[in-house]
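These are my notebook entries on one structure. I set down what I looked up and the criteria I applied.

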Amino acid sequence: MQLKDINSFNESYRLQHLKALDYLKVSRNITDDQLLDIVQQLKTFQVAIPSWALGTGGTRFGRFSGAGEPGDLQQKIQDVGILHQLNRSSGAISLHIPWDTLSEDEIQTIREEAAQYEILFDAVNSNTFQDQEGQSLSYKFGSLCHVDKAVRNQAIAHMKEVIDQGQLVGSKSLTVWLSDGASFPGQLDFKEALQRVEESLREVYDYLPEDWQMFIEYKPYEPNFYSTVISDWGTSYLLAESLGPKAKTLVDLGHHLPNTNIEQIVATLIYKNKLAGFHFNDSKYGDDDLTVGALKPYQLFLIFCELVKGMKDNPSLSLAWMIDASHNIKDPLEDILQSVEAIMLAYAQALMVDYKALKETQLANDVTYAQEILQDAYRTDVRPVVAEARIQEGGAYDPLQYYRQYQLREQLIEKRGLYVKASGL
Ligand code: PSV
Ligand code: MN
Ligand code: MN
């Protein structure tokens, strides 16, 4: 769907926007050049959208269908096209195989559809946490950690196929999240399970094309509630270290036990050049997959401070950014717009930090002022600068407002019907 009138929509906010931008400059005492520099960095920041987040998710208790949802990959790309036209920061989609499996004759159409909206293909994701129809061996007791080599081989073959699929659309990375683990004490030999995962991952790693990377996610629990083979960043890191330079650790914000200091993990991984990137979401209890920034925006800001420092120290640092949330009761597109906005705000706040002054407070052990510097940036209303970056790129001043005013969901319902169910959603 090609969106119209974005410029005239923006025009109606012009005066208020310019005033807010001016106030920001004066209140933070920043020059036009400094502002431009921040705008520039925001303009190049792109967050991938997972194909599985475009429809209504569910919980183990049930699923309440949304309306006008995408029924196939082409429609999922069209949805990302809407997001990207509105915020100009959602220029990539991440596929999940086999849900998004492409046949040879679909590839051209899919690539054209994506190109039309300037959408790239981000990491491809494997799925060995479910059994698919017609699959010969079950993953009930694990995939890459399974005691039976035949099951491991099946999972390895699947991951190689995912890489093949990714190559067809121009992806450059494979994300592996394993649900492998144990539900009860005694079920698994921890050491042997980890060894089997390591050996299996090596076979997949060796299959990676020259310019590809492997991102290894970790998660402490769920669906296994006693142990998970790749349970924490340390385990992911040791696998990545053992596999080689193309393997890195992927941080999903929801995959930590409560109160974990995620920003410290980020700093450590950047230091060791092993940070792959992020899956953004928010949570109160565990892997809740809520809208980014809905509950812990300060944590998100602190994480971004580490990222900004990392990028300053090493300008060639290239990280993968993706939303990984699920939408049980909200319109997925609205929710994603909110998530991307929260990410951009945290990034903009982190760009406002005076890192030189922060370093001085650290060297002087001035704890109070170190905290002041961070909180001062965090308490700045950076919405005007994020809007400015978006407007300069041709996006909407207020994406959510546009989405509602131009009744985009209603238009999708008209095209697709009320209830559609795509695989994986
Ligand atoms: C399951 O926890 C999960 O949310 C992981 O974060 C993966 O990235 C995602 O599903 C897709 O497989
Ligand atoms: Mn994830
Ligand atoms: Mn998750």
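This is a predicted model: local features need pLDDT of at least 70, side-chain atom pairs count only at pLDDT 80 or more; totals for chains, interfaces and linings use all residues.

Entry 1: I count two residues as being in contact if their C-beta atoms, placed from the backbone, lie within 7 Å. Residues are numbered from 1 along each chain as its sequence is written, and chains are lettered from A and ligands numbered from 1 in the order in which they are written.

I looked up Gly166 and found it in helix H6 (residues 149–169); helices (H or I, at least four residues) and strands (E, at least two) are DSSP runs numbered from the N terminus. Leaving aside neighbours within four places in sequence, Gly166 is in contact with Val124, Ser171 and Leu174.

Entry 2: Val124, a contact of Gly166, is the bridge partner in E3 of Leu95. Strand E2 (residues 92–96) and E3 run parallel and are joined by four bridges; two strands pair if DSSP finds at least two bridges between them. Five of the six residues of strand E3 (residues 120–125) are buried, so the strand is largely enclosed by the rest of the structure.

I traced the order of the open sheet, which is formed by eight strands, as E1-E2-E3-E4-E6-E8-E9-E10, with parallel pairing. Which strands stand at the edges? They are strand E1 (49–50) and strand E10 (320–323); each has a single partner strand, so one side of each is left without a neighbour in the sheet. E1 pairs with E2 in the parallel sense over two bridges, and Ile49 stands opposite Ile93 in E2. Helix H8 (residues 233–243) packs on the sheet and touches strand E6 (213–217) and strand E8 (247–252). The direction of H8 makes about 160° with that of E8; axes are lines fitted to C-alpha atoms, for helices over the stretch in contact, and angles run from 0 to 180 degrees between N-to-C directions.

**Entry 3: two helix pairs.** I took H2 and H14 as one pair. The axes of helix H2 (residues 14–28) and helix H14 (residues 383–392) come within 8 Å and cross at roughly 125°. H2 and H14 are therefore oblique to each other; angles under 35 degrees count as roughly parallel, over 145 as roughly antiparallel, 65 to 115 as roughly perpendicular and the rest as oblique. The contact is made by His17, Ala20, Leu21 and Leu24 of H2 with Pro384, Val385, Ala387 and Glu388 of H14.

The other pair is helix H9 (residues 262–271) and helix H10 (residues 297–313), whose axes come within 8 Å and cross at roughly 15°. H9 and H10 are therefore roughly parallel to each other. The H9 side of the contact consists of Ile262, Glu263, Val266, Ala267 and Ile270, and the H10 side of Gln299, Leu302, Ile303, Glu306, Leu307 and Gly310.

Entry 4: I located Ile82 in helix H4 (residues 73–87). Ile82 is buried, with 25 other C-beta atoms within 10 Å. Not counting residues up to four places away in sequence, Ile82 touches Met1, Leu3, Leu333 and Leu408. Ile82 and Leu408 are 326 residues apart in sequence but 8.7 Å apart in space, C-alpha to C-alpha.

**Entry 5: backbone geometry.** I checked two peptide bonds. The bond from Ile97 to Pro98 is cis, with omega near 15°, and Pro98 lies in the loop between E2 and helix H5 (107–116). The bond from Glu222 to Pro223 is cis, with omega near 5°, and Pro223 lies in the loop between E6 and strand E7 (227–228).

I also recorded that Arg88, although not a glycine, has a positive phi of about 55°. Arg88 is placed in the loop between H4 and E2 and counts as buried, with 23 C-beta neighbours inside 10 Å. Asp289, in the loop between strand E9 (275–280) and H10, has a positive phi near 55°. Asp289 counts as buried, with 21 C-beta neighbours inside 10 Å.

Conventions
A residue is buried if 20 or more other C-beta atoms lie within 10 Å of its own, exposed if 12 or fewer, and partly exposed in between; C-beta atoms are placed from the backbone.
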